[in-house]
Amino acid sequence: KTFTRIKIVWRHFNSRTARITTSSCHVSSGSSLLQGQHRPGTVVWSRDVSSNSSSPKPPDTSLFVPVSLKADASADGGVGIELTQPLDKNELLKVLNRFYKRKEMQKLAADSGLDARLFHQAFISFRKYILEMTSLPADLHIILNDICCGAGHIDDIYPYFMRHAKQIFPMLDCMDDLRKISDLRVPANWYPEARAIQRKVIFHAGPTNSGKTYHAIQRYLAAKSGVYCGPLKLLAHEIFEKSNDGVPCDLVTGEERTFVDPEGRAAGHVACTIEMCSVTTPYEVAVIDEIQMIRDPSRGWAWTRALLGLADVHHWRGGGGETVIDVHNYQRLTPFSILDHAVESLDNLRPGDCIVCFSKNDIYSISRQIEARGQECAVIYGSLPPGTKLSQAKKFNDPDDPCKILVATDAIGMGLNLSIKRIIFNSLVKPNVNEKGEKQMETISTSQALQIAGRAGRFSSKFKEGEVTTMHRDDLPVLKEILSHSVDPIETAGLHPTAEQIEMFAYHLPDATLSNLVDIFVSLSQVDGLYFVCNIDDFKFLADMIQHIPLNLRSRYVFCTAPINKKQPFVCTSFLKFARQFSRDEPLTFDWVCRHISWPLAPPKNIKDLVHLEAVHDVLDLYLWLSYRFMDMFPDTASIREIQRELDDIIQQGVRNITRLIRASDPTVTDPLQAQSNRHSQTGRGTGSTKFLTGSRGQRGQRASGQMMDSSLASRLVRDGLLTPDLLQQLQREWSKDQKQDNSSQRALDLEHQSNNKGKRKKKKK
């Protein structure tokens with residue numbers, strides 16, 4: 001790739017002066033993180049300040065939930081009736097319906113923030129209020145009486161209608177304030193400490209395994225003070241351990257605080273997960289790892305906060321290929337090549353191979369098939385505890401261990417040093433969440449493919465050259481096409497509503513739920529072209545789950561930011577129980593937690609047990625995470641951490657025996673097919689069913705074909721909806737029947753053969 005020497009103009013603003021600092025850097029031709037005017041030799045990061053004066057977008061009024069009004073008697077008592085006369089309900093209904101149909105009233109209401117939907121809801125509530133109240137305010141009663149008697153105009157109802165509408169939709173009266181609170185167009189101004197100093201930003205750009213992290217960390221260790229911000233606990237732990245070889249360094253993650261000083265004094269250096277970095281502590285050097293995640297739909301806000309808020313010298317480290325601004329360029333230390341052939345069969349695996357899958361079902365299936373061939377394999381996927389991941393990585397890396405194959409998800413893309421010779425993509429499609437929060441299956445991006453492929457042939461491993469290919473022949477040209485593209489530039493950064501902003505919303509909308517407050521905030525939020533609001537579905541999911549539990553707003557907000565896996569029912573149930581116990585002001589003690597998780601726990605007997613143990617580990621993580629936000633209510637962190645370590649050992653034991661667990665979990669699907677394949681490979685006889693399974697693979701050998709068409713095909717057909725479990729059982733019964741018929745026929749032939757032989761022997765004797 002070619003690079004152009006340019007300058008970046010950084011604009012930093014504070015309350016008193018506007019200051020411009022300039023630093024030299026490189027930018028990959030044709031791409032830029034910061035969108036601005038493009039002319040030879042210059043890129044300017046500018047903000048369209050005129051957008052502040054643009055007309056705000058209309059709110060999503062479907063989020064406006066009407067407030068229930070108390071049916072209190074009017075303070076005026078029956079004054080209206082005494083001054084006039086009782087109102088005729090039938091006449092009132094006619095008057096109100098005429099008011100509703102008047103286009104002039106609808107337009108006037110729209111100018112005050114009531115669109116057609118809100119106008120209709122407000123009118124229904126207003127009509128119910130008038131018809132059901134035994135005593136109306138005197139002024140309203142008199143106006144309605146005048147209109148019914150022909151002495152007033154129907155439009156005179158409008159002020160009273162709007163007064164009622166603002167009571168049930170209180171946001172109408174404070175819309176300007178709500179818009180100001182949710183104005184996210186200049187997030188740099190949220191960090192006045194950083195704006196008040198002149199900062200230097202260094203960008204380390206290059207492909208994976210090019211030394212970006214090494215050089216950034218060397219600068220970090222040489223400084224008097226520094227902070228490392230990483231995307232994973234594993235990475236923070238790694239830097240923490242490396243630093244403490246010579247430089248005192250603390251560790252801060254969501255679930256852990258480790259101070260090297262025995263008395264708990266903070267060290268000059270700290271390694272932390274990106275969400276936990278302090279933007280109020282000054283550092284000489286900060287390393288922001290995996291900066292490309294600033295555009296992540298869910299977590300991008302944490303990188304934006306670190307980038308804008310840390311008051312220090314920044315070292316960005318981008319992963320997955322050259323993408324944006326570049327100050328220090330790096331080339332890959334070891335080459336990797338894309339092979340011209342797919343693996344096609346698990347029989348063709350070699351030591352140092354890593355098969356990358358995007359679902360745990362595929363992990364289970366492939367690992368069993370590998371071990372059925374007499375080979376050991378290590379297994380790594382995202383929901384495993386960090387200790388188990390490290391244990392499996394060590395097993396795979398150990399040259400004296402018989403385990404030479406790794407089966408993993410894209411969890412290997414960050415945070416693990418692995419000795420991989422060849423990356424094999426089992427699939428190129430994975431589930432993703434788009435910016436709208438919708439889940440969909442998508443082909444992996446170039447950045448994702450590079451991040452994974454770059455794990456082959458690492459500089460520190462015994463394989464100095466890496467190889468990349470696919471399991472299936474049809475996927476190989478697709479992979480080559482993906483890797484031939486340049487990485488998309490990072491054009492936007494994520495933002496997220498803060499607790500303070502939500503509290504200000506709640507002040508204006510005291511009756512709204514937390515989920516509704518966040519929805520309205522996002523609906524009204526304004527961002528410029530450099531930013532987007534991160535997905536809040538997980539936050540809302542937790543907010544709705546604990547809405548019925550009495551908690552103050554700040555505590556409720558903290559609970560809803562807890563990083564839990566909402567796909568795990570046991571984790572969600574535990575979250576609910578934690579919140580309920582907390583709301584009663586009853587501390588969550590070690591004994592209480594042990595009763596809840598049924599500690600002690602036995603080693604897993606099948607995959608279902610293993611998944612449950614992983615969920616329990618997540619529950620203990622949740623306890624530790626909450627303990628650092630509410631120390632008095634979650635007091636037994638040391639004991640919880642101790643049993644979590646024990647649980648990690650139990651899970652490691654289960655993962656080491658994962659093939660046995662898989663076999664114990666689903667014998668009905670896998671064993672009959674495997675047995676059938678083995679029988680046909682031994683006898684060399686194939687029935688029609690076997691021919692259907694082997695397809696047109698030709699004469700490559702019954703043994704290889706039989707082994708390939710084992711449990712993975714059955715699971716895949718069932719998973720893809722091409723074969724139902726009932727049909728699978730029917731096929732198994734038919735195969736069993738065919739086998740019995742084959743055996744009967746064989747016995748009959750054997751008996752006939754024996755009878756013929758006896759007859760021949762008798763004739764010879766004669």
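Helix axes here are lines fitted to C-alpha atoms over the stretch in contact, and angles run from 0 to 180 degrees between N-to-C directions. On that basis, the axes of helix α16 (residues 499-508) and helix α19 (residues 553-560) come within 10 Å and cross at roughly 135°. The model is predicted. It holds 27 salt bridges.

**Helix pair α16 and α19**

- The crossing angle is roughly 135°, which makes α16 oblique to α19.
- The crossing of α16 past α19 is right-handed.
- On the α16 side, the contact is made by Ala499, Glu500, Ile502, Glu503 and Ala506. On the α19 side, Leu553, Arg554 and Tyr557 take part.
- By class, the contact residues are 5 nonpolar and 3 charged, with no polar ones.

**Salt bridges around Lys233**

- Side chains of opposite charge can pair when their charged atoms come close.
- Lys233 forms a salt bridge with Glu255, at 3.5 Å from N to O. This pair links distant parts of the chain, 22 residues apart. Glu255 sits in the loop between β7 (249-253) and β8 (256-258), and Lys233 in helix α10 (residues 233-243).
- Lys233 also forms a salt bridge with Asp621, at 3.2 Å from N to O. Here the partners are 388 residues apart, with Asp621 in helix α22 (residues 607-627) and Lys233 in helix α10.
- Lys233 is partly exposed because its relative accessibility is 25%.
- Glu255 has a relative accessible area of 10%, so it is buried.
- Asp621 is buried as well, because its relative accessibility is 13%.

**Other salt bridges**

- Glu238 and Lys242 meet through their side chains in a salt bridge of 3.2 Å, N to O.
- Glu238 and Lys242 are 4 residues apart in helix α10, so about one helical turn separates them.
- Lys242 counts as partly exposed because its relative accessibility is 49%.
- Arg102, Glu104 and Asp155 form a network of salt bridges.

**Setting of Cys357**

- Cys357 lies in the loop between β15 (353-356) and α12 (360-372).
- Its relative accessibility is 0%, so Cys357 counts as buried.
- Leaving out residues up to four places away in sequence, Cys357 touches Asp362, Ile363, Ile366, Val407, Ala408, Thr409, Asp410 and Asn426.
- Cys357 and Lys430 are 73 residues apart in sequence, with their C-alpha atoms 8.6 Å apart in space.

**Backbone features**

- Trp599 and Pro600 are joined by a cis peptide bond, with omega about 5°. Pro600 is in the loop between α21 (590-597) and α22.
- Glu290 has a positive phi near 55° and is not a glycine. Glu290 is placed in the loop between β10 (285-289) and α11 (300-309). Its relative accessible area is 3%, so Glu290 is buried.
- Asp585 also has a positive phi, of about 60°, without being a glycine. Asp585 is found in the loop between α20 (569-583) and α21. Its relative accessible area is 59%, so Asp585 is exposed.

Technical notes. Residues numbered from 1 in each chain as written. Predicted model: local features only at pLDDT ≥ 70, side-chain atom pairs only at ≥ 80, totals over all residues. Heavy atoms only, no water. Helix = DSSP H or I, 4+ residues; strand = E, 2+ residues; numbered from the N terminus. Parallel < 35°, antiparallel > 145°, perpendicular 65-115°, else oblique. Left-handed = near helix turned anticlockwise from the far one by under 90°. Contact = heavy atoms within 4.5 Å. Nonpolar A, V, L, I, M, F, W, Y, C, P; charged D, E, K, R; others polar. Salt bridge = Lys/Arg side-chain N within 4 Å of Asp/Glu carboxyl O. Buried < 20%, exposed > 50% of the residue type's maximum accessible area, 1.4 Å probe, protein only.
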